[in-house]
Amino acid sequence: IINERVRNVFTMGSGVGPETIVKNDWLGVHDTVRVGPEIGIGWNLGKWLGESERIILIKSCIGNRSLGWDLLPPGSESFLYTDPETNQVWRYAGYGQSPARWEDGTEPEENGWYAGVQYDGDVQRVKQVLADLPSYYPGVTTDTEIEVAGFFFWQGEKDRYDTAHAERYQTNLINFIEQLRIDFEAPHSKFVMATLGQDKFDKLAMEGNDALIFSAQRAVPKMPQYSGNTFCVYSNNFYHGGHSSCHYQSNAETYMDVGQAMGKAMVNLLRGTRKLDPYS
């Protein structure tokens, strides 16, 4: 056990389907097969935030999900995209629509999965944990006041495979941040994201959809409305091989180091300082 003040909860489900509580324990690496970024995140939150702070990390995610489709936040509108190779015009789904795309001018045929279904499910599962907090954090009661202080997001792999989604990534990321703050009634919450590990600043090493997503992730924190409340960790500094497509070969050092940087970045945002260097 690393910290008996930081609670580590992992809830998982596909779409809006039933949840599975994968983890409900004090922060640690005991009884685990793989290390996720939440270990490094929680270590730094527990180390640097006040001793009176009781912290719960709630992880809700599942693999093979894109921001442009599965995680598309409410309010996102449909849009047209012209395939540069075929000149075919596609209508891409807005939130709640199905399928992911269809030929412009035709009627879409729903396929049982809609844009944003994973966003809805993940939000729903986190809210279920918060509504029953005594079952997840020993010693708290239903009257305990809670604050949703921040969000962590390390994603982008699936959007790499669709140029329309990659080009739309910055718009969707902004909507994602804003909608999370609305859904959790946390307008002043902080947001920390990380780039894909294999992506480098070197333009010769990165092009196409990877570059579009990388640029969007780096650009959003520089926008005036996100200054001081949003941060993007350049995770290539902590990359120890593999690729996001294969979960970095489950390299525990990669996940721990990226998590450490994300945790430090969050502490800085919560404190309103730059005291901690995420890259040290």
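Is W26 buried or exposed? W26 is buried, at 17% relative accessible area, where buried means under 20%, exposed over 50% and partly exposed in between (1.4 Å probe, protein chains only). Here are some notes to go with the structure.

1. Ground rules. This is a predicted model, in which local features need pLDDT of at least 70 and side-chain atom pairs count only at pLDDT 80 or more, while totals for chains, interfaces and linings use all residues. Residues are numbered from 1 along each chain as its sequence is written, and side-chain values use heavy atoms, with hydrogens and water left out.

2. W26 and its partner. The whole structure holds 16 aromatic pairs (rings of Phe, Tyr and Trp, the last by its six-membered ring, with centres within 6.5 Å; planes under 30 degrees apart are stacked, over 60 edge-to-face, the rest tilted). One of them joins W26 and Y137 edge-to-face, at 5.3 Å centre to centre and 90 degrees between the planes. W26 belongs to strand β2 (residues 20-27) and Y137 to the loop between α2 and β7 (150-154), so the pair ties together parts 111 residues apart in sequence. Helices (H or I, at least four residues) and strands (E, at least two) are DSSP runs, numbered from the N terminus. Y137 is buried too, with a relative accessible area of 5%.

3. A tilted pair. F151 and F184 sit 5.7 Å apart, centre to centre, with 55 degrees between the planes. F151 is in strand β7 and F184 in the loop between α4 and β8 (190-194), 33 residues apart.

4. Helices α2 and α4. The axes of α2 (residues 117-131) and α4 (residues 169-183) come within 12 Å and cross at roughly 35 degrees; axes are lines fitted to C-alpha atoms over the stretch in contact, with angles from 0 to 180 degrees between N-to-C directions. From α2, Y119, V123 and K127 meet F176, Q179, L180 and D183 of α4, contact being heavy atoms within 4.5 Å.

5. Around Y119 and Q179. Ring pairs link Y119 with F153, F176 and F191 in a cluster. Q179, in helix α4, counts as buried at 14% relative accessibility. Leaving aside residues up to four places away in sequence, Q179 touches P73, P74 and Y119.
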